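Please read it alongside the sequence and the model.

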Amino acid sequence: MDFIYANWPVLLTILVVFGALQGTCGFLVYVERKVCAYMQDRIGPNRVGPFGLLQVLADGLKFLLKEDIIPSHVDKVLFILAPCIAITTAMLAFAVVPFGAAEMPPQAPLPLNALASPQEADAYKSAMATYTSQMTTYQGNYQFMIAKNVDIGILFIFAVSSLAVYGIILGGWSANSKYSILGGLRSSAQIISYEIPLGLSILGIVMLTGSLNLEWIIGRQAETGVWNFAYQPLAFIIFMTASFAECNRLPFDLPECEQELVGGYHTEYNAMKLALFFIGEYCHMITTSFLMVILFFGGWHLPYLVTPESGWLIKLIVFAGKVTFFILFYMAIRWTLPRFRFDQLMALAWKVLIPLALINLVAVMVVMHLKLSPWLLLPVSLIALVGAGTMTAAEPEYRKPSPTTTV
Amino acid sequence: MSPEAAFDLSVYYPIFIFLGLLIAFCIGVMIAAHTIGPGRRSAVKLMPYESGMDPIGDARQRFDIKFYLVAIMFLVFDVELLFLYPWAVVAYREGGIPEVLQGPVFWSVLTFIALLLVAYIYDWRKGVFKWR
């Protein structure tokens with residue numbers, strides 16, 4: 001009881017985030033159907049409740065009330081475990097993501113070396129005292145995230161969300177259906193391929209900020225007033241492409257392309273287990289939208305309008321607005337672009353995105369080392385992007401599809 | 001500040017609580033779905049789906065070597081990435097790598113990336129990235 005009383009803000013945040021994520025995922029299914037309908041000049045779901053808004057509830061109930069079939073040929077433990085892994089990893093990654101106003105946690109003063117003079121020792125002592133008092137205020141203030149001041153923020157998200165591949169490969173393998181196993185294999189190959197450009201594209205931002213802490217990354221952008229996107233558009237495009245692939249969203253939804261593989265790795269799943277896979281997928285989409293906003297578009301920051309001194313409500317609204325924009329962007333892309341062929345998909349990751357990410361990394365290294373202005377990265381990014389585009393377009397392999405079969 | 005004080009496990013407690021909640025949710029949902037839904041099983045319903053045909057053979061067969069190659073390449077690049085992260089954090093921040101060491105560290109990281117590039121070009125020439 002004492003524990004709950006002492007930590008009620010954290011516990012409340014956890015419950016709210018948990019509920020909000022579930023609710024948003026359900027709601028996003030509805031939004032996706034509506035967006036799809038409008039793009040295809042249809043009306044979309046409009047029967048259940050006003051504007052079809054209660055469709056979410058109807059879908060949820062339907063999933064719960066359907067027969068829960070575990071086919072006779074499956075590896076039961078893994079079959080049940082797979083959707084649980086998918087949803088747990090997708091939601092757990094959200095634990096370190098700030099979703100509203102979050103201050104920069106104070107930095108501890110630099111450690112004292114053994115040869116320090118008494119003056120230095122005194123300066124250290126007073127710096128330590130200010131740090132401690134700042135830390136007390138920081139701890140006292142409410143921050144809009146589950147776990148605040150996690151120094152390994154980005155690393156934690158990547159570590160947890162790369163575990164999601166286990167959910168997919170186990171789901172595909174345990175079901176013992178040919179469609180599932182093909183979908184599972186393709187998906188795991190795709191996800192591990194795109195994880196590398198995803199990780200490499202972040203390195204430039206980590207170097208600019210000097211921290212993996214997400215509050216710090218937002219704070220630095222708010223301090224300087226320039227979003228990272230302005231310095232590194234190339235990194236953003238690599239990151240965005242890779243996160244589309246990580247979420248199995250449409251230009252890259254090879255694992256579950258309905259026309260070839262029925263349902264891909266979740267062919268044999270139904271009822272609530274299928275719903276868990278879907279919630280996991282939408283959760284992943286929400287998390288990557290948040291990451292795009294935090295890493296490249298300054299989180300709650302809007303130049304001249306929303307500064308660190310603004311109230312928490314406006315920060316929350318701005319943050320939510322930016323994230324909504326990216327989620328809608330995901331959906332619009334889904335109904336705009338055709339699906340890649342599998343060899344094109346792998347070639348894009350290995351032959352285009354990874355070299356581009358390395359060029360970006362080396363460019364940031366050189367700029368930081370020679371202490372040049374980070375604005376130099378902008379022309380470098382654009383040249384690399386245009387160069388890669390023209391080189392890819394000139395490649396005869398991508399000009400017209402040949403009738404040979406793919407793997 | 002000493003390194004021991006820099007790491008505070010209590011920062012991670014909320015994550016553990018969240019993880020506990022998620023696991024409880026998964027177990028609860030699995031039990032609920034299993035008990036609430038109807039249970040009318042039949043031999044055909046429990047059969048693997050194969051476009052309406054009776055399934056031929058086992059699904060867990062051997063698959064293309066390409067998938068293994070991708071896995072190996074992933075390991076190479078991912079380990080490299082893991083080495084670069086700690087460097088990227090301390091490289092240019094205040095109180096990170098001291099001024100004297102910045103030059104040597106810069107060149108060693110460039111060498112590290114160049115070595116990787118050699119392996120990458122070798123793979124490309126050997127056709128690891130060809131998928132058809």
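The lining of the largest cavity in this predicted model consists of 8 nonpolar, 4 polar and 2 charged residues. Here Ala, Val, Leu, Ile, Met, Phe, Trp, Tyr, Cys and Pro count as nonpolar, Asp, Glu, Lys and Arg as charged, and the others, Gly among them, as polar. A cavity is a set of points on a 1 Å grid over the protein atoms alone where a 1.4 Å probe fits but cannot get out, and lining residues have an atom within 4 Å of a point.

**Largest cavity**
- Its volume is about 160 Å³, a volume being the space filled by probe spheres set on the points, which are joined across faces, edges and corners.
- Of its 14 lining residues, A:A164, A:I168, A:G280, A:E281 and A:H284 are nearest the centre.
- At least two lining residues each come from helix 4 (76–92), helix 7 (164–174) and helix 13 (271–296) of chain A; helices are DSSP runs (H or I, at least four residues), numbered from the N terminus.
- Helix 13 of chain A makes the largest contribution to this lining, 4 residues.

**Second largest cavity**
- This cavity holds about 100 Å³ of space.
- It is lined by 13 residues, with A:I157, A:S161, A:H284, A:T288 and A:L291 closest to its centre.
- Two or more lining residues are given by each of helix 4, helix 6 (153–162), helix 11 (233–246) and helix 13 of chain A.
- Helix 13 of chain A again supplies the most, 4 residues.
- By class, this lining has 7 nonpolar, 5 polar and 1 charged residues.

**Whole structure**
- The search finds 3 cavities of 30 Å³ or more.

**Interface of chain B and chain A**
- The contact (heavy atoms within 4.5 Å) involves 65 residues of chain B and 97 residues of chain A.
- About 7400 Å² is buried between the two chains, 74% of it on carbon and sulfur atoms; buried area is the accessible area (1.4 Å probe) lost on being put together, summed over both parts.
- On the side of chain B that touches chain A, helix 2 (13–36), helix 3 (65–91) and helix 4 (99–126) of chain B give two or more residues.
- Helix 2 of chain B provides the largest share of that side, 14 residues.
- That side divides into 46 nonpolar, 8 polar and 11 charged residues.
- There are 0 salt bridges between the chains, a salt bridge being a side-chain nitrogen of Lys or Arg within 4 Å of a carboxyl oxygen of Asp or Glu.

**Conventions**
- Residues are numbered from 1 along each chain as its sequence is written, and chains are lettered from A in the order in which they are written.
- Local features need pLDDT of at least 70, side-chain atom pairs count only at pLDDT 80 or more, and totals for chains, interfaces and linings use all residues, while side-chain values use heavy atoms, without hydrogens and water.

Technical notes:
1 Å grid on protein atoms, 1.4 Å probe; cavity = no way out; pocket = protein on both sides within 12 Å on 5 of 7 lines; lining within 4 Å.
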